[in-house]
Amino acid sequence: MKNNDKFNISSHIKNKLRRLRKDKLYGYSVFKSIPQDKKVAFRQAISRLAKDGVIVKVGNGKFYKKGHRENGASEAIYIKPSHKEWLKRGYVPVESIKYRLSSNFFWSNPKGNIPVENIIASVIKKDSLDDLDFIRFSFGDDKVKEVFLKFFDIHSKPMIRDILGV
C-alpha cells in the first residue's frame, strides 16, 4: 500500500470477507495487509461487522462467517468459562475430570494431563451430549465453538451445531 491515506478499511475487509468460505474458522491474520496505523479502524470495522451479523467473533482474534441454516435455532445462551485456570494452562489433570465426564475417554492416561482441545474434541466426537454441558461451563462457549469449527465439519453434527448456536 503506497498511499495509506486513501486506504479504505471497510471496503478492504468486505472484499476479503466476500472471498472467505462460510462456517470455517479464521484468524485476523487474513487481514495482514492492513497498515499498522489503521489497526484501530480495523478493530472498529470488525466489531461493526460482528454487530451486524456478517461475522461471528469467537475467542480472541478469531471469527467465522455464518452460513445459511435450514431451521434457525433460537438464540443460544452464552456461557463464560468457570475454570479459567485450565484454559490458561492449556491442559487439565485427569483426576480433575475423571468423575465429571459420563464416559472415561482418557482411560489410557490415568495420571497425566489432557490438553483442553483434546477434551473438547473427544466429547464432540463421541456425540456425548451429557458431557457437552460440562465442557461448555468449564471452558466457555468461545473455546468450544473454536474447537468445533477447527476440527469438525459442522454439517455432520447438526445437533451440536444447533446447541452451540454456530
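**Entry 1: the overall layout**

I read along the sequence and wrote down the pattern of the protein chain: α-β-α-β-β-α-β-α-β-α-α-α-α. That comes to eight helices and five strands. Here helices (H or I, at least four residues) and strands (E, at least two) are DSSP runs, numbered from the N terminus. I noted that this is a predicted model, where local features need pLDDT of at least 70, side-chain atom pairs count only at pLDDT 80 or more, and totals for chains, interfaces and linings use all residues. Residues are numbered from 1 along each chain as its sequence is written, and side-chain values use heavy atoms, with hydrogens and water left out.

I looked up burial next: buried residues make up 41% of the 166 residues in the protein chain. Buried means under 20% relative accessible area, exposed over 50%, and partly exposed in between (1.4 Å probe, protein chains only). I also checked contacts (heavy atoms within 4.5 Å). Of those with a separation of 6 or more, 63% join residues 24 or more positions apart.

**Entry 2: helix α1**

Which residues of α1 are buried? I found Ile-9, His-12, Ile-13 and Leu-17 buried in this helix, which spans residues 9-19. Seen down the axis of α1, they fall within an arc of 130°, so they line one face of the helix. (The arc is that of the directions from the helix axis to the C-beta atoms.) On the other side of α1, I saw that Arg-18 and Arg-19 are exposed. The cover over the buried residues includes α2 (39-52) and β3.

**Entry 3: the sheet**

I traced an open sheet of three strands, in the order β1-β3-β2, with antiparallel pairing. Two strands pair if DSSP finds at least two bridges between them. β1 (26-27) and β2 (56-57) stand at the edges with a single partner strand each, so one side of each has no neighbour in the sheet. I looked at β2 and β3 (residues 62-64): two bridges join these antiparallel strands. Val-56 has Tyr-64 in β3 as its bridge partner.

I checked how α5 (residues 116-125) packs with α7 (residues 141-151): the angle is about 70° and the axes are 10 Å apart. Axes are lines fitted to C-alpha atoms, for helices over the stretch in contact, and angles run from 0 to 180 degrees between N-to-C directions. That makes α5 roughly perpendicular to α7. My cut-offs: under 35 degrees is roughly parallel, over 145 roughly antiparallel, 65 to 115 roughly perpendicular, and the rest oblique. Among the residues that meet are Ile-120 and Ile-124 in α5, and Val-147 and Phe-148 in α7.

α6 and α7 pack at about 120°, with axes 6 Å apart, and that makes α6 oblique to α7. Ile-135, Arg-136 and Phe-139 in α6 meet Asp-141, Lys-143 and Val-144 in α7.

**Entry 4: two residues**

Is Phe-148 buried or exposed? At 0% relative accessibility, Phe-148 counts as buried. Not counting residues up to four places away in sequence, I listed what Phe-148 touches, including Ile-124, Ile-154 and Leu-164. Phe-148 and Lys-24 are 124 residues apart in sequence and 9.9 Å apart in space, C-alpha to C-alpha.

I ended on Asp-127, which sits in the loop between α5 and α6 (129-139). Its phi is near 55°, a positive value in a residue other than glycine. Most residues other than glycine have a negative phi. At 43% relative accessibility, Asp-127 counts as partly exposed.
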